Amino acid sequence: MNGHTHVTPATGEQRDFIFAPAGGESVTVTATYQHTWRGDLGPCIGVDDVCAILDAWTLADQGRRRSLWPTTERSDDDVFIAYTRKGQITLGSWSVATDKDTYSLEALPGLLPRDHYRLTETPPEQP
């Protein structure tokens, strides 16, 4: 991720992030800092914000980007992502990161190429 602030967040703290897909409209999502399955504390978002990010990402280049939520019992917590780049098809999945069925924003660099988007944490409001 880029655009981090220097203040370490606390568990349960909420912060806003701006997801700006290259060539598309930006969306703002609110992440809650939670411990992931790996034990890391990171910004996590719910399904609605995942949909907002992936919709913005897809709309920025509809011909080459897709996301799909499966409807099977076996894999209903993952969203599958596909895009073409330089003639190659890339497939990936964004899995839940916590026991609260939330998704880590820190997973984005492993899912989407860096030149597809910019993710920036908005500065905290000053009292």
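What volume does the largest pocket have? I began my notes here, keeping in mind that the model is predicted, and I found a volume of about 160 Å³ for the largest pocket.

**Entry on the pocket.** I next looked up which residues line the largest pocket, and the list runs through Thr-36, Trp-37 and Arg-38, then Trp-94, Ser-95, Val-96 and Ala-97, and finally Ser-104, Glu-106 and Ala-107. Sorting this lining by residue class, I noted 5 nonpolar, 3 polar and 2 charged residues. Arg-38 belongs to the lining, and I came back to Arg-38 when I turned to charge pairs, as it forms a salt bridge with Asp-40.

**Entry on helix H1.** I checked the length of helix H1, which covers residues 47-59, against what its 13 residues should give at 1.5 Å a residue. I then asked which residues of H1 are buried, and the answer is Val-50, Ile-53, Leu-54, Ala-56, Trp-57 and Thr-58.

In the pair of Asp-40 and Arg-38, the closest N and O atoms are 3.4 Å apart. Asp-40 has a relative accessible area of 36% and is therefore partly exposed, whereas Arg-38, at 66%, lies over the 50% cut-off and so counts as exposed.

Arg-64 and Asp-61 also meet through their side chains in a salt bridge, with 3.1 Å from N to O. For Arg-64 I noted 47% relative accessibility, which means that this residue counts as partly exposed.

The side chains of Asp-115 and Arg-85 form a further salt bridge, at 2.9 Å from N to O. This pair links distant parts of the chain, 30 residues apart, since Asp-115 sits in the loop between helix H2 (108-111) and strand S8 (117-121), while Arg-85 is in strand S5 (residues 79-85). Both partners are partly exposed, Asp-115 with a relative accessible area of 48% and Arg-85 with one of 31%.

Last, I looked for salt bridges that share partners, and I found that they join Glu-13, Arg-15 and Glu-121 into one network.

How values were computed. Residues numbered from 1 in each chain as written. Predicted model: local features only at pLDDT ≥ 70, side-chain atom pairs only at ≥ 80, totals over all residues. Heavy atoms only, no water. 1 Å grid on protein atoms, 1.4 Å probe; cavity = no way out; pocket = protein on both sides within 12 Å on 5 of 7 lines; lining within 4 Å. Points joined across faces, edges and corners; volume = space filled by probe spheres on them. Nonpolar A, V, L, I, M, F, W, Y, C, P; charged D, E, K, R; others polar. Helix = DSSP H or I, 4+ residues; strand = E, 2+ residues; numbered from the N terminus. Expected span 1.5 Å × (residues − 1). Buried < 20%, exposed > 50% of the residue type's maximum accessible area, 1.4 Å probe, protein only. Salt bridge = Lys/Arg side-chain N within 4 Å of Asp/Glu carboxyl O.
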